[in-house]
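Try each task before reading its solution.

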Amino acid sequence: MTVLRIVLQVLLVLSSFFLIMSILLHKGKGGGLSDMFGGGISSSAGSSGVAERNLNRITVGVALLWTVTIVGLGLVTRFA
């Protein structure tokens, strides 16, 4: 079980990093913190609709992987 726990921990770190990066890549929808950091200025230079949809799919996929990894680590910790 130790090898499984190490694999899950490494997967958790990697998926956490990619989840943060994919969330930060999203285009700001206006208002809030995105305007404070310059999101309102570059509204015309944003990504296209297809790129935004693909980024949404990647973000959801990474979030699901992150969730499964968290549950797996919890199960390994509980039953090991």
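**Exercise 1. Work out how helix α1 and helix α3 are arranged relative to each other.**

Solution. Start with the geometry: in this predicted model, helix α1 (residues 2-24) packs with helix α3 (residues 49-79) at an angle of about 150°, and their axes are 9 Å apart. Next, compare the angle with the cut-off: angles over 145 degrees count as roughly antiparallel. Therefore α1 and α3 are roughly antiparallel to each other. Finally, look at the handedness: the crossing of α1 and α3 is left-handed.

**Exercise 2. List the residues through which α1 and α3 meet, and sort them by class.**

Solution. Begin on the α1 side, where the contact residues include Leu4, Leu8, Leu11, Leu12, Phe18, Leu19 and Ile23, along with Arg5 and Ser15. Across from them, α3 contributes, among others, Leu55, Val62, Leu65, Trp66, Ile70, Leu73 and Val76, as well as Thr59 and Gly72. Sorted by class, the contact of α1 with α3 has 15 nonpolar, eight polar and one charged residues.

**Exercise 3. Find the buried residues of α3 and say what they pack against.**

Solution. The cut-off to apply is under 20% relative accessible area for a buried residue. In α3, the buried residues are Glu52, Leu55, Thr59, Val62, Thr69, Gly72, Leu73 and Val76. The partner comes next: the buried residues of α3 pack against α1. For the protein as a whole, 16% of the 80 residues count as buried.

**Exercise 4. Are Leu75 and Gly61 buried, partly exposed or exposed?**

Solution. Take Leu75 to begin with, a residue of helix α3. Its relative accessibility is 46%, so Leu75 counts as partly exposed. Gly61 also has its place in helix α3, and at 37% relative accessibility Gly61 counts as partly exposed. Now look along the chain: Leu75 and Arg5 are 70 residues apart, with their C-alpha atoms separated by 10.0 Å. For Gly61 and Ser15, 46 residues apart along the chain, the C-alpha separation is 9.9 Å.

**Exercise 5. Check the length of α3 against what its residue count predicts.**

Solution. Count the residues: α3 has 31. At 1.5 Å a residue, α3 should span 45 Å. Its end C-alpha atoms are 45 Å apart, which agrees.

**Exercise 6. Describe the overall build of the protein.**

Solution. The protein has three helices and zero strands, and from the N terminus on its elements run α-α-α. Then turn to the contacts: among those with a separation of 6 or more, 88% come from residues 24 or more positions apart.

Conventions: Residues numbered from 1 in each chain as written. Predicted model: local features only at pLDDT ≥ 70, side-chain atom pairs only at ≥ 80, totals over all residues. Heavy atoms only, no water. Axes fitted to C-alpha atoms, helices over the stretch in contact; angles between N-to-C directions. Helix = DSSP H or I, 4+ residues; strand = E, 2+ residues; numbered from the N terminus. Parallel < 35°, antiparallel > 145°, perpendicular 65-115°, else oblique. Left-handed = near helix turned anticlockwise from the far one by under 90°. Contact = heavy atoms within 4.5 Å. Nonpolar A, V, L, I, M, F, W, Y, C, P; charged D, E, K, R; others polar. Expected span 1.5 Å × (residues − 1). Buried < 20%, exposed > 50% of the residue type's maximum accessible area, 1.4 Å probe, protein only.
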